Structure formats: structure tokens, C-alpha cells
Amino acid sequence: LTVPHAGEISGMGISDGITLIVGGGYHGKSTLLNAIERGVYNHIPGDGREQVVARKDATKVRAEDARSVASVDLSPFINNLPGDKDTQNFTTENASGSTSQAASIIETLETGSHALLIDEDISATNFLIRDARMQQLIAPEKEPITPFVQRVRSLYDQYRVSTILVLGGSGDYFEPAHRVIALDNYLPKDLTPQAKALCGDDFSISPSTEETTPFNIGIAKRFADSSSINPYKHAVPYRGSRHGGHRQQRPPRKNIKAQNTRSLIFGTQEIDLSLLSQLVNPSQTRTIGAALAYACENKLFNDQSIIQALETIVALMDEKGLSALDGNDLAEIRIQELMAALNRLRTLKIRKLGIPTEAP
């Protein structure tokens, strides 16, 4: 590969499609994925990762037990819930591992991301796979979850969404994969031919890796209830001698505090960011708070969808710099982390779903 400032370099390129990173435990699978996920940022000279580069919209998604979900269309992955609960407009304050991972994927695709990074170790097993024996024991109509293995190839064929998966315990993904990279003592080897050779005509789990039901992702745009996104502390009464002992009303004041990269105090709420692995600096957390506050103060959520409002803020930062926001010690953020933080605000409410005239 010829690059502008280093001439010709050699290495391992991972092209679009479905790529599996496999190998024994402790051989470097997750380490490689961690390097790729940080490759969305530039690295300083001497860092050791100067030539580890990923497309800017590559996003890591994982299971997050107990996170909140606000009106997300989970129907591509979850349907037919007991009690006929609507999965096209799904809301919960306490999501399971599989539900949270499905929601994170849909929310990520809402930002326009075309690359997903997934590690088996931090994923919900029943979301990733469902083998043939389990399908025989539990009838499909009794299982509301369509596992990711049955959607991963369609995501690429329909929407050009690529996926890199770290796997150590399941060969179900050999069939839909475009390539299989095995790590042996931290050295990568292409084992695609060997993996495909295991997927013969008599491959016993082939029915579990095929899903022909049409599905739509990212069609409906969510519009937030602007009153549910509030960076201010509520007005509180206080009694002071300077006011003759009468009860006075403190005016609402902005309350935004970054707790490292772990959480963000936003108004009266604490947004848990601890599992967003591509949030790497406290200054980014402060920028998220300042960006969401800017959207509130300028009433962007009043007449724009969530994604349109966030795109407006990102465009503003690109055009005028971080100084366009009210805050100090800020750092560049991606729309993926901005969207992820807003989706984890437990007060977030969606007032309506809008359908664009054209599907993506």
C-alpha cells in the first residue's frame, strides 16, 4: 500500500465484508480487535500504532445488561415477545444482554456506520448463535430472538454493513464469512479455505445460519421529546436572611460534569459511559455534555430527528471548531459516541417515529 507520508508499507488489510478473527485463548484475538477499534483515531508518533488504521465509522457493540432503551425498532433481531410486546417501538429501563446488544447495533446503524466490531467474550451468547440442536428442541415460533449469525450476511448484502467478529467457541459463522483470520502466538494466518472446507453439503448446522425473512434497518427516524433531555438542575427553594427570611427560588443552572470516561452528569441524571470502549479521553466526555446542552439550548430536538440534530452539531464542530460549544478542555468526538451517550440517558423519551420517503 502506498501512503502519502510513508511511501510503501506492507501489512494486513481487512476489506469490506464479514471477517472472523479466530484462534486459541490468549493468542491475541481481542488485542487485535482492540487495536482496530482505536484505529478510528490518529495516533501520535512513537505510539506504536501509527499504521493501525480503521475506517472512521467502525463501532464496537457489546451486551450491556440493565441499560435503558428508548423506542428502538428491534424487529430485525427480536420478534414475537410474550404478551405481544411491540418490538418495532421497544422501550425498557432494564434491557437484557441480547436486547441491549440488538439495540446498540440498530442505534449504531442509525448514525450511518457501516462497520461493526464484535467480541464474543463480551456479547450475549443467545444473540450471536443458536445451534441446530437448540432449534430442534425449541421451535422457531417459540424463540423471539433471530441470532446475529442469521443476519450478518444480509446486513452486508442489503446495507453494505461490514462486520469483524472475534470468535473462539463457535464455527457457525464460517458459512456467512468472507474471510477467516486465525491468530497463532499473535501472528495472523489466513485460514479461509480450511474454514470453508468444513461447510460442506452435509454441514449439520447450515439451517441455523440462513435467514430469508426480509427486514428493514434504519427506516424509521426517532424524534426526541425535548423536555426529556435537560442539562439543568431543577429550580429549588431556599431561605436566606438577605431576602427577609422569605423563601426564594434559585434559578435552574446547568449541571454537566465529566466523570473521567466512565460517566457524565447531565442535569439531574448520570449517563453510564463505562462500556463505550471507543471513548478514550475525559475531554471527549465533556464535549458530549457540551454538545447535548447546545442542542437543548438551540432547540434542535424540537423540529429535527435525533440523528439530524446530532449531525447538525457535528457539522458545527467541523466548521467552527470546538469553540462553538460552551465548555473548556474539549476534544473531538464522533457522532457514534454522541448518539450512544444520548441513548443511555435514562430520561430520554421518543415522541414519534417518522418514516423517510426513501429507505437507505
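## Where two helices meet

In this predicted model, Ile288, Ala291 and Leu292 of helix α7 touch Glu337, Leu338, Ala341 and Leu342 of helix α10; contact here means heavy atoms within 4.5 Å. By class, that contact has 6 nonpolar, no polar and 1 charged residues. Ala, Val, Leu, Ile, Met, Phe, Trp, Tyr, Cys and Pro count as nonpolar, Asp, Glu, Lys and Arg as charged, and the others, Gly among them, as polar.

How are the two arranged? α7 covers residues 282-297 and α10 covers 335-343, and they pack at about 70° with their axes 10 Å apart. α7 and α10 are therefore roughly perpendicular (65 to 115 degrees). Axes are lines fitted to C-alpha atoms, for helices over the stretch in contact, with angles from 0 to 180 degrees between N-to-C directions. Helices (H or I, at least four residues) and strands (E, at least two) are DSSP runs, numbered from the N terminus.

Strands pair if DSSP finds at least two bridges between them.

β16 pairs with β17 (residues 263-266) over 4 bridges, and Gln259 sits opposite Ser263 of β17.

## About the numbers

Residues are numbered from 1 along each chain as its sequence is written, and side-chain values use heavy atoms, leaving out hydrogens and water. Local features need pLDDT of at least 70 and side-chain atom pairs count only at pLDDT 80 or more, while totals for chains, interfaces and linings use all residues.

Terms used:
Angles under 35 degrees count as roughly parallel, over 145 as roughly antiparallel, 65 to 115 as roughly perpendicular and the rest as oblique.
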